[in-house]
Amino acid sequence: MATEMTNNPKRAVNAPPGEEAFEVLFEEPLPPVNEFKRFMKVFLHRKVVVVGLVFVIIILVAGLFSYQIAPHDPFQINLLNNLQPPSSEFLLGTDDLGRCLLSRIIHGARLALITGVSTVFISSAIGSVLGLVAGFAGKVVEDLIMRLTDAWLSLPPLIIMMFVGVILGRGVVGIVFAVALGMFPGYIRLVYGQVMTVKQNDYIMASLAMGDSKMRIIFRHILPNCITPLIVTMTMSLGGAVMAEAGLSFIGLGLAPPSPAWGTMTNDGYMHLAHLPLLSLAPSAALVLLVFGFNMVGDGIRDALDPKMRGTME
Amino acid sequence: MKKVVGIFFAATMVMLLVVACAGDSVQVAPGAAEAPGAADPTAPPGRPEELPGAPEEAPIVYDGATRGGVFIYAPGSDGPSQFGLPWDPTLGFASVTEPFTEGLTAQWPDGSTRLVLSSGYVVGFDDELGLYYVDHTLHPNIVLHPHILHDAEPVDAELIVWLADRINYYRTWPDGMIDVVAIDDLTVRFYWDHMRNATPAITSGWVTSRLIYEAYGEEGLNANPVSAGPFRVVESVPGSHVIFERFENYWREGLPYLDGVQIVYLGDVLVQNIALQAEGEGRVDSVATNTAEQAGMFQDMGYHIMNLPNQTITIVMQNDLPADHPLMNPLVRQAISMAIDRDGITRALGFGVHIPTLQYIPSLMRGHVFDPNFGAPAFNPGRARELMAEAGFADGFSTQLFPQPGSVTDSQAVAMASNLADIGINVEIMVMEGTPFTEMRRETGWEGILVGNFISWFHAEDSASVNFEHREGLLPNWVSLVPSEEMLELITAIRIVGDNTAQAVALAEYVLDHNRLHLIPLWQQGRMHIVHPRIHGYTPTDHMLFFYRLWMED
Amino acid sequence: MVNYIIRRLIYSVFLVFLVSIVVFVLMRMLPGDPVMDMVEQQIAEMVQAGHAPDLEMQQFLRNQLMTYHGLDRPVSVQFAHWLGDVIRLDFGRSMVRGFDIVDEVGRRMVVSIYLAIISMVVTLIFGILFGTIAAVRNGKLIDNVITSISNFGMTVPGFMIAILLIWVFGFLLDLLPIFGFQLPWMGDPGRSVRQTILPVLTMSLGGIAGLARMTRSAMLDVLNADYVRTAWAKGMREKAVIFKHVLKNGLMPIVSGVGGMIRGLFGGSVIVESIFVVPGVGQLLVMSMLSLDYPVIQAVTLLMAFITVISNLITDILYGWVDPRIQYS
């Protein structure tokens, strides 16, 4: 650990706290254990992770089967019955257009999951490719990509979000890209850091000396080493992506009506907070629970995949 | 809620009748027009207290609360400014500028003239020059707020002439104004080549200091906002707050007064709502809003709502689409008008402050017709479906709906979309930012249904030219209401000086003819003030004169 | 060391330069036309004065304003001019509101820095305190409480915290003013303190949660280290162990987190200042973004980028100071 830091202070400096935990140890051969069993054991060890997992599963089910679960049509307008407090028919009451709030929240789950997952996939895909390129292309390209990444990270996020949001419009695609473009520099740094670390290993030097192609090294050595930290970071940033989408919706740059986006619903109900607090608090509670769940599951996966934890949960 | 709308509607009708009758009976200012040829139909009102108010206006009770204290006002957001103040005083932010700026005259919301620094005016005709003139006589002893160069710079005829020249230099004089001269210390003469209803009101703009300008230039004026109103500026932070303090010279002993005014820009609705309900520090006495939801909520809580519905939300479609386009078909347009449940939308989403309407002239303006059957076809979805079938669109069609940002809420757009879906028209709601929306509207070639407030109302004759005139090369405010000869004649007729109510009605009849339906009016709305019950001295319908009414009782 | 700092400073200047190019170009690519808005106002004014302005007049007014603000030149030329002015510390005037940018930003900067410093101090004190308590009492009730709350606290975004605080303290309890801010030496200090509470709470709650989590895990790592076990074994008192060994060695990852916090505080101030009507730099940014006031946006983003790179630099230096194993090469 100490030598590595001395060799490569930049990487250690830039790495988010706790990331050095992802370093994979290559030297020791592992004792034969059932990987999946061990994973589940570590993963389910912390109660808070289990709670988070339950939240995620509930919301996942709500999103997958929203048409079966939701008691009403989330788009059905009833102007005569708007802004009703909770009743037996409308469990959470109705919004300003008389739509069932509960049904809208249930349908919103699908939207939140779709935007969150696709945002993370797009940003990690762009980021990984750029990170690999930076790690393996020449000095010029490396500098260019990494300096631009630094500049991108120094921009106020509001500017990026407003810019991309306004350019790409208020559809699902626009929102996903707006958030993804805010997140992808993190992946560049992650993958670049992994490449740098792995590159220093003797066996890479050896295979380079033996005339292996760069592509082969990438696929044989670099990518397998990147997978674990990538999975962990992707799970951990799911929550951030969902929250960023909600934030955009909240400031009025989110999904166009009448789509039941949780951020938009929070914003719409905002004015009635004093006398109908559920209108705003219920969708934001759903949001917080989902993000909490994602974060905790991410934590659990990190713990379970963390080599330092291997064998510790006997 | 319906009852409230009904009462409000009745009240506005009565109000309008009173205003209309008042036109014949208002006194003429001192030294009335005697010059030959002076067509002087404009009856200049006297001091404000002589003007007829709303009939329901209760006599103002001066209890302790109206004396002293600081009035805190939240106008929502600030406007752009070239003058170092958070607004541009020459523009329409009248309710914000009232505590500070003053000119010779101002305008009532219906377009008629109100005297401020001027004590009265004479309209005449100069035979030698062949020009009309308006002589304004200033009140004596008016001084500006104390500033760095002078404690009490006097406001005299020379200053007014200088101000007028400055406006001519930086911007432009009103159409038809030829020259401004000082007749004596207190009398200024404005020469005009023609007279319009609004002529006496359009004068020299905001009174400010000539000394500062000559010493420090335009930037000096920005840094030292000076005028002659009841309050002077102590501190101004753009986008945050303005603090006004009482201008001692302005106030007469023994009458109600305020120690100061604070303007805070509360952008957040929740903060506004809570501040309105707070009592101690962090209180706000009045909030200006465009949101019916907010106003309706406070109306139910016993707050005063000052509402002047001077905008009409209308549906507009292009007139130069291909002839076989569904939106070009008069039957489809009628069907659209019949599809929209105006009562339902205003009841559920207008919260008792929006008024459903079938005509575009608001009920407070001249030219409004008090016949419930006048205007666009009323709500009748059954008949609408028949019309769609007659027009050959029994299976409906798809198009886009563009709600104007800031005027039509997303919920209202969704409600309209659902109404239209009932008769087979599937619309996609296109939410746009303000500037792209304006740019799109200005251009021809867009396709779909525009919903918003596009009519600028001040005087019948101005709005006619602004909204409906469409000459070659003229700024197409009103995209493609390509006017026929007949329409142009009506527009010309409306510009006569005097009572042009009949002409305004004729134009409305033309535009709303069921075979044209250039516009489909939906409801009336306007900027509202929510006023805490502790405040006295307001009137429920004036909003531009809010500050004036509140304390200028001398 | 000095060499390293100089090299980093040069790199920082380069980075800020890069950021300002990006912002400069992005701003001009945004839809909307600030000049057109001003023209529209002049047109509205002319219409009210009875003129019938035509397309030619509109174009004329637009060209006039474009020339006045120098927007008719190619973007590269504009950028070169702007850069030349900035090097002479001349940021110009607001295009839309007319104020002097250096004066206005300077005045607002004091407010933002004041609030940021207070939030920073509050965050550090409570974050490290809670984190340490949780780590030392690992697995106990108080650890579970702190961990659960901080996990939730990290989840809830700033605007929701603001809503809840306004609702509880402004409405339900009616205890604290919910808008406005005045520096304590500019007016009534008591009022200023009351006005500070809600914005500072909003800005620091998320940070406290994050820092507590970070401190806890860093401390747990150290607590399991051999030298700490040795210290325990030697029979040192609990407090001495915690302060002498654990806190000192656990600080390292915290310091790197604090660098991110400085940036977060300035970024977060954007929302907080807009909601609580605090006349700071964040509010200025929102205001000028909404009216596309190019010179103001450029000045403020330049400032924010500058703060970011400087805080990164300070973090790295602190990092080396806390962990002597790091060499600056």
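What share of the contacts in chain A between residues at least 6 apart in sequence join residues at least 24 apart? The share is 71%. The legends below all describe a predicted model.

**Figure 1. Chain A is built from helices.** Chain A has 13 helices and zero strands. From the N terminus on, its elements read α-α-α-α-α-α-α-α-α-α-α-α-α. Chain A has 314 residues, and 49% of them count as buried.

Figure 2. The average pLDDT of chain A is 78. A score of at least 70 is reached by 82% of the residues. Helix H6 (residues 101-136) of chain A has the highest confidence, at 91. Helix H1 (residues 2-7) of chain A has the lowest, at a mean of 40. Over residues 1-22 of chain A, the pLDDT is below 50. That stretch still has 29 contacts in the model beyond near neighbours in sequence. Residues 309-314 of chain A also stay under 50. For them, the model has six contacts beyond four places in sequence. Where pLDDT is low, the predicted coordinates should not be read in detail.

**Figure 3. The largest nonpolar core has 245 residues.** Val242(A) and Val451(B) have the most contacts inside this core. Helix H9 (residues 172-199) of chain A gives the core its largest share, 16 residues. Now look at Val242(A). Leaving out residues up to four places away in sequence, Val242(A) touches Ala112(A), Gly116(A), Leu287(A), Leu290(A), Val291(A) and Phe294(A). Another core, of 33 residues, lies apart from the largest one. Its members include Ile160(B), Ala164(B), Ile167(B) and Trp192(B).

**Figure 4. Helix H6 of chain B is largely enclosed by the rest of the structure.** This helix covers residues 292-300. Why is it called enclosed? Seven of its nine residues are buried, so the rest of the structure largely encloses it. The buried residues are Ala292(B), Gln294(B), Ala295(B), Gly296(B), Met297(B), Phe298(B) and Gln299(B). They pack against both helices and strands of chain B. The helices are H5 (269-277) and H8 (342-349). The strands are S11 (286-289), S12 (304-307), S18 (519-525) and S19 (528-531). Just after H6(B) comes Gly302(B), with a positive phi of about 90°.

**Figure 5. Leu321(B) sits in a loop.** The loop runs between strand S13 (311-316) and helix H7 (330-339) of chain B. Is Leu321(B) buried or partly exposed? Leu321(B) counts as partly exposed, because it has 17 C-beta neighbours inside 10 Å, whereas a buried residue needs 20 or more. Leu321(B) touches Leu327(B), Met328(B) and Glu447(B), not counting residues up to four places away in sequence. Gly448(B) is 127 residues from Leu321(B) in sequence. In space, the two are 9.9 Å apart, C-alpha to C-alpha.

**Figure 6. Chain C has helices and zero strands.** The helices of chain C number twelve. Along the sequence, the pattern is α-α-α-α-α-α-α-α-α-α-α-α. Chain C has a radius of gyration of 25 Å, but a compact globule of 329 residues would have one near 20 Å. Along the principal axes, its C-alpha atoms fill a box of roughly 90 × 55 × 35 Å. Of the 329 residues in chain C, 45% are buried. Among contacts in chain C with a separation of 6 or more, 73% link residues 24 or more positions apart.

Technical notes
Residues are numbered from 1 along each chain as its sequence is written. Chains are lettered from A and ligands numbered from 1 in the order in which they are written. This is a predicted model: local features need pLDDT of at least 70, side-chain atom pairs count only at pLDDT 80 or more; totals for chains, interfaces and linings use all residues. Helices (H or I, at least four residues) and strands (E, at least two) are DSSP runs, numbered from the N terminus. A residue is buried if 20 or more other C-beta atoms lie within 10 Å of its own, exposed if 12 or fewer, and partly exposed in between; C-beta atoms are placed from the backbone. Two residues are in contact if their C-beta atoms, placed from the backbone, lie within 7 Å. A nonpolar core is a set of buried Ala, Val, Leu, Ile, Met, Phe, Trp, Tyr and Cys residues joined through C-beta atoms within 7 Å. The radius of gyration is taken over C-alpha atoms; the globule rule is 2.2 Å times the number of residues to the power 0.38. pLDDT is the predictor's confidence in each residue, from 0 to 100.
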